[in-house]
Amino acid sequence: MCGIFGVITNQDNISLGNVVLEGIKRLEYRGYDSCGVVSLSNSKLYIKKDSGKIEEIQKRIDLAEIPNNSKLALAHTRWATHGKPTRINSHPHSDCSNKIAVVHNGIIENFIELRKALSERGHIFKSDTDTEVIPHLIEIKMKEGLDFKESVVETLKLLTGAYALAVCHVDYPDSIIVARKESPLVIGIIEGKTTYCASDIPAFLPLTRKCYIMDDDELAILKAGEVEFINLKTNEKIEKELKTIDWSIDAAEKGGYEHFMLKEIYEEPTAMKRTMKISKDLLRIFANILWSAENIYITAAGTSFYASLAGKFIISRFLGKYIQAIECSEFQTQLFNSLKNESVIIAVSQSGETIDTIEAIRWAKSKRNVKILTITNVVGSSLTRYSDHVIVTQAGPEIGVAATKTYNTQVLTLALIAIEIAKLRKIELESEIEKYEKALEETPQIIENFLKNNVDSIKDVVNTLEKSVNFFILARGISIATAKEGGLKLKEVACRFIEGYSAAHAKHGPISLVREGFPIIFIAPPDETYQRLIGNVMEFKARGGKIISLVVENDKYISDLSNISIRIPQPGNKYYNIFSPITFTPALQLLAYYAALLHGLDPDKPLNLSKTVTVH
Ligand code: M6R
């Protein structure tokens, strides 16, 4: 939800203020309600913080201006949960003596009782946040005679909930203490010189590629260029693997595009080509498990859920078994007393940190003997810890809050599993399966061609829709997943109430909204639903609807019935149609992007949103 960043160095030639400011800017996708920095110098904390986006705050106060002799700084960018997005609720938070400062991502669930107990002992709170109890608890432990590390360890024992936190203390200017439970935390290092902590790797990627990924219930003491890890359950030191990250820095930054969202849409073909290289052995493991399972569920949130709807459709076709898709937040209630032993659950999550997805999986594992197959974009993310097998999609870092390239790599991964299932089951002639495989392999090229040649037609549609505040995206069959994802993108970044809906079902109510000029986008690949979709187009046209269609290049009928069409450069046959959520969705992503620009909105920072939702 929030982003935390920290740095400690022994180097004199580093502008610590700039390092910390740039680091926290790279985490702004995690929340942008407020931002704050603390540095430490001459036994004093220097805290600067305010509400708003970093760029706005910078105009008022220079967050990078910190004392010259400071060798340590922490920063935070907030997505408000407890307490309004105000200056006073911004992190860092400090104790009564102003000696301890904390930045925190997560939620301290028992903060009300802790706060009450602390208040009774005379502690004064400045904010409404859950986080503020932490520095006060550490303060008490230190007053009881424990050292800095012991005080943090003892404080953590009192907390329930989730945290990634970083703490500094004026009397310990050579250390930052960090700890993790259910919220992501990574450590970057330039050995002997500088150490960083962050919620995500891109925050320090331009500075170092060497990193450690922290696990739950771990604490680390960061010193300049060194780090010591402790397992909080055993209180013992642990050795962790130092990883080298091979993402290009460019991949983590905007690389010439006006927005991350646009850059990430244009990265789709490359991200997909990388994802195509996922180990066949791993795909076969997933395929075999699904083949022998009786009850299969797929669960996710938001865009990952719509990718799951598309994926379950493709897999069910080749597997010959129904897969039930359940939104992760509803998983427990839906399967309350019906989850069976030996069920297989596919969990899909870009970040691997969405709390509702993690909780669905944890609940299922606590109730029954189930198998968890996870598809995520982040190595070592929390979800992977609860999984029997993990496929990491190869989208690379996605910074834009709107999921774009990660949607396509998720559907592609599920489609690759489906192909392996088809090979196992030999449900179609081998030559047929090869044709599906070839069609899937061509999807990155189809998207590349589309993105090269069709931006103008997208902009035409955006201009046509300029005055429309709400409309429908309608579809049948597998394209309902595409329609829903398109509706989500338009709501999210263009702030328009656009509903992705079943074209057939729309007759049972929503059609009553249609008046002269009411726009309806039809998703119309020439699959088995096409003929019936013609009928639906006619029904909406007859009532004055303005028809916009997404069709394949050589489409005849629905494009003829439409006021305007966007053409996807792909052959119209069954081998390609089943993968249409992959090739058609980028058009809707671009549509949402340009609609956001038309309405003066920042597509990378949609209102009220955070890239990763780590609260229920
Ligand atoms: O990281 P996850 O895939 O688990 O995230 C799930 C949703 O929060 C996410 O897909 C969200 O809907 C996107 N911002 C939509 O663009």
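This is a short tour of selected sites in a predicted model.

**Stop 1: helix 3 and helix 4**

Select residues 111-120, which form helix 3, and residues 133-143, which form helix 4. Their axes come within 10 Å and cross at roughly 45°. The crossing of helix 3 past helix 4 is left-handed. Now show side chains. On helix 3, the contact uses Phe 111, Leu 114, Arg 115 and Leu 118. On helix 4, it uses Val 133, His 136, Leu 137 and Ile 140. Color these by type: 6 are nonpolar, 1 is polar and 1 is charged.

**Stop 2: helix 5**

Move on to residues 148-158, helix 5. Which residues of helix 5 are buried? They are Phe 148, Ser 151, Val 152, Val 153, Thr 155 and Leu 156. Next, display what they pack against: helix 4, strand 7 (161-169), strand 8 and strand 12 (218-223). Then select Asp 147, which caps the N-terminal end of helix 5. One of its side-chain oxygens lies 3.2 Å from the backbone nitrogen of Lys 149.

**Stop 3**

Most residues other than glycine have a negative phi, and most peptide bonds are trans. The next selections depart from that pattern.

Start with His 91 and Pro 92. A cis peptide bond joins the two, with omega about 0°. Pro 92 sits in the loop between strand 4 (72-78) and strand 5 (93-94).

Go on to Asn 98. Its phi is near 55°, a positive value. Asn 98 belongs to the loop between strand 5 and strand 6 (100-108). Its relative accessibility is 44%, so Asn 98 counts as partly exposed.

Now pick Glu 182. Here phi is near 65°, again a positive value. The loop that holds Glu 182 runs between strand 8 (176-181) and strand 9 (186-190). Is Glu 182 buried or exposed? Glu 182 is buried, at 18% relative accessible area.

**Stop 4: Thr 194**

Select Thr 194, found in strand 10 (residues 194-198). Its relative accessible area is 2%, so Thr 194 is buried. The side chains of Thr 194 and Thr 9 are joined by a polar contact of 2.8 Å.

**Stop 5: His 259**

Jump to His 259, in the loop between helix 6 (249-252) and helix 7 (260-266). Buried or exposed? With a relative accessible area of 11%, His 259 is buried. A polar contact of 2.8 Å links it to the side chain of His 259. Along the chain, His 259 and Pro 603 are 344 residues apart, yet their C-alpha atoms are separated by 7.3 Å. Other residues that His 259 touches include Lys 254, Leu 597, Asp 602 and Asp 604.

**Stop 6: helix 10 and helix 16**

Two packed helices are described by the angle between their axes and the distance between the axes. Select helix 10 (residues 302-319) with helix 16 (residues 479-494). The axes come within 8 Å and cross at roughly 165°. Over 145 degrees counts as roughly antiparallel, so that is how helix 10 and helix 16 run relative to each other. Helix 10 passes helix 16 in a crossing that is left-handed. Helix 10 contributes Gly 302, Thr 303, Tyr 306, Leu 309 and Ala 310 to the contact. Helix 16 contributes Ala 481, Lys 484, Glu 485, Leu 488 and Lys 489. By type, this contact has 5 nonpolar, 2 polar and 3 charged residues.

**Stop 7: Lys 611**

End with Lys 611, in the segment after helix 20 (580-598). Lys 611 is buried, with 13% relative accessible area. Which side chain makes a polar contact with that of Lys 611? Select Glu 398: its side chain makes the contact, at 2.6 Å. Lys 611 also touches Tyr 29, Arg 30 and Gln 350, among others.

Methods:
Residues numbered from 1 in each chain as written. Predicted model: local features only at pLDDT ≥ 70, side-chain atom pairs only at ≥ 80, totals over all residues. Heavy atoms only, no water. Axes fitted to C-alpha atoms, helices over the stretch in contact; angles between N-to-C directions. Helix = DSSP H or I, 4+ residues; strand = E, 2+ residues; numbered from the N terminus. Left-handed = near helix turned anticlockwise from the far one by under 90°. Contact = heavy atoms within 4.5 Å. Nonpolar A, V, L, I, M, F, W, Y, C, P; charged D, E, K, R; others polar. Buried < 20%, exposed > 50% of the residue type's maximum accessible area, 1.4 Å probe, protein only. Polar contact = N/O pair within 3.5 Å; in protein donor to acceptor, adjacent residues only side chain to side chain. Parallel < 35°, antiparallel > 145°, perpendicular 65-115°, else oblique. Lists of a residue's contacts leave out its neighbours within four places in sequence.
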